Amino acid sequence: MSLTRRDFLIGSGALAAGASVCVPFFLPKYHSVQRPKRSRVAILHVEQYSQQIEQMLASGLRLFPINVLGKTVVLKPNLVDYIPGNAINTHPLLVLAAAESFRRLGAKSVLVAEGPGHQRDTQLVLSQSGYQQCLRDERIRFVDLNRDELIRTPLRASYMGMKDLWLPSTVLEANFLVSMPKIKAHHWSGVTLSMKNMFGVVPGARYGWPKNILHWKGIQESVLDLCATVPVHFVIADGIVAMEGNGPLNGTPRPLGKIVLADDPVAADATCTRLMGFRPDRIGHIREGSRFLGNSAPALIDQVGEALTPPTTPFQVVPEFQSLPAL
Amino acid sequence: MARLGRRQLPCGGWAALRSCSQPALEATCFSALAPGSQSGGVLERAQDFILHTQNPNGSWPVFAGDDPEGAWVTSLAVIALRELVPAIPARSKGFHWLMNCAGKESNWFWKWKFRTTDRHVRFDPDKFGWPWLPDTVSWVVPTAFAILALSQLPCSCGGLEGIPFRVERGIEMLMDRVCPGGGWNAGNGVVYGSPLAPHPDDTAIALLALTDRRQEPVVQSSVRWLERTAPTLTAPWSLAWAILALAAHCRPVDSLVTSLVALPDLSNIEDTSTLALVCLALDHRRALSAFGVTL
């Protein structure tokens, strides 16, 4: 069989067209590998919210080689809405304890920043959830990320297909960003932990309430793009009273008695997921994040503090996530 | 009111937060509507800023320098320019943009998806309104502001014949998205079978857009919910909106105004829109007229 010039050109064209369609599916969607060689996670046993938290947290932070001397530390709690009796938000006592600890470690300034995803009246959420008084008493500045000054920021991953996002200057200019999630089951994403907590940096004034564009672009995909673009330097997760079931708002409080500290958000979320009785590789953003953002494999995580003991009864989830509790 | 005037930026706009310098349309529109803006050229500079930030497609951006596809603040800009005769062509372009901007569920494909595979949030996709930004679904606040803006149109002619249909659909959408027991939140009344709680500000803004439907049971139950909730509010943004909405529905608001004035740190409010809203609530009759609400 002889190959004519015409056959060759047609074949080459078809091959090029096929490659241009298929290759993007095999190329990595992240721009660089940010994963550390090893990660460190500490689990602290804390039964209840009390003034003792500060001392316990300070002890826990000593397990990490943290250097915040002269740095601006931004604490990013999970503050969504207030419904009496529901464990929705990171407890203010834990945020205060973190602020005091970082001040003692020599931070130049510590501020609390959040853009609630559901409630537009940020001051009402602050007031109802007990934050306003605590922050005022301790002279801690709060920045409403829903209305902060915005900077166009190129995304460092392309899972959701957007080139850039307008993000708040307070977060982009922070020297040390601490994600402080509430450990919760979530009806759209399975869990909401330190990585999903970064939804709060997306400004509502620009993208709406809830941050609907992220839902349309894919929650797991948005989490990955955000975490690749806005690095989380440390995690303090509030699992003293967590939430199971129909989270993030209408779930049931679940006393877990844990605070999780970590120098890697993927390792933190993998550990929290195991504490909830789930398999981290069944959560899309944790599984994919472990390829380039951080470590989820136990062999790559230095576990300090308490041992990781999965619960006898896994956290309840909505029907779509029934496959999570399969350890 | 004097503090609000002092926050005006040299460009004529206002930043969303006191500590910022990026002019934002929401803060600018509310500040331009506030009673103190009539003196010393404040209003003229604000209107000039709003006119100059309009996008080529007729919409307005969330802040100066934003991408040009447009956003929910277009409704506020159209309202803020209502008395400016030279702004008529700009407002007309804004009305056209609003008429053509719809929640994504207005498309047959997404309607079908929400009817068949994606049914965790209870809503009727036939009843659509306006999104926060193009290419997303309808939500309560942008829909309510769009209804208020489009209701100020003297006539639906000159290519704007579709507006009565859009306003009617928007009103139906608000009625559909109400929370069980009355009131509105962002737009999710029931998710996974669980009722979600209403928010005072979202409820108040929706009620402002529904002043022509005072006799509807949904409106009446929402007014009652807001009346019960308003005296407990400790945040000026929500309380100010509650005053405006309850006044629009002919409810007494004197005690709420007294509570608003008594809130601590009122003059140190960081959020400019909140400060402007407080000024508007203190002069609620004039504010309602600016929003096109007749008592």
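A: One begins with the elements: helices (H or I, at least four residues) and strands (E, at least two) are DSSP runs, numbered from the N terminus. In those terms, A:P248 is found in the loop between β10 and β11 of chain A. A cis peptide bond joins A:G247 to A:P248, with omega about 10 degrees. This is a predicted model, in which local features need pLDDT of at least 70 and side-chain atom pairs count only at pLDDT 80 or more, while totals for chains, interfaces and linings use all residues. Residues are numbered from 1 along each chain as its sequence is written, and chains are lettered from A and ligands numbered from 1 in the order in which they are written.

Q: Which other residues of chain A does a cis peptide bond join?

A: A:W209 and A:P210 are joined by a cis peptide bond, with omega about -15 degrees. The loop that holds A:P210 lies between α7 (204-207) and α8 of chain A.

Q: How many helices and strands does chain A have?

A: Chain A comes to eleven helices and twelve strands. Its radius of gyration (taken over C-alpha atoms) is 21 Å, close to the 20 Å that the globule rule gives for 327 residues, so chain A is as compact as a globular protein of that length. The globule rule is 2.2 Å times the number of residues to the power 0.38.

Q: How do the strands β10 and β11 of chain A pair?

A: Two strands pair if DSSP finds at least two bridges between them. Strand β10 (residues 234-244) and β11 of chain A run antiparallel and are joined by nine bridges. Within β11(A), A:L261 stands opposite A:I236. Strand β11 (residues 252-262) also pairs in the antiparallel sense with β1 (residues 39-45) of chain A, over five bridges. Here A:H45 has A:K258 in β11(A) as its bridge partner.

Q: Why is helix α9 of chain A described as largely enclosed?

A: The idea rests on burial: a residue is buried if 20 or more other C-beta atoms lie within 10 Å of its own, exposed if 12 or fewer, and partly exposed in between, with C-beta atoms placed from the backbone. Ten of the eleven residues of α9 (residues 219-229) of chain A are buried, so this helix is largely enclosed by the rest of the structure. Among the buried residues are A:I219, A:V223 and A:L226. Their cover includes α8 (212-217), α10 (265-275) and α11 (284-292) of chain A.

Q: Is A:R139 buried or exposed?

A: A:R139 counts as exposed, with 7 C-beta neighbours inside 10 Å. This residue lies in the loop between α5 (131-137) and β4 (141-144) of chain A.

Q: What is B:M99 in contact with, leaving aside its neighbours within four places in sequence?

A: Two residues are in contact if their C-beta atoms, placed from the backbone, lie within 7 Å. Apart from those neighbours within four places, B:M99 is in contact with B:L160, B:G162, B:I163 and B:R166. B:M99 belongs to helix α5 (residues 88-100) of chain B and counts as buried, with 21 C-beta neighbours inside 10 Å.

Q: How many residues does the contact take from chain A and from chain B?

A: It takes 27 residues from chain A and 27 residues from chain B. On the side of chain B that touches chain A, α9 (200-209) and α11 (236-248) of chain B each supply at least two residues. That side divides into 17 nonpolar, six polar and four charged residues. Here Ala, Val, Leu, Ile, Met, Phe, Trp, Tyr, Cys and Pro count as nonpolar, Asp, Glu, Lys and Arg as charged, and the others, Gly among them, as polar.
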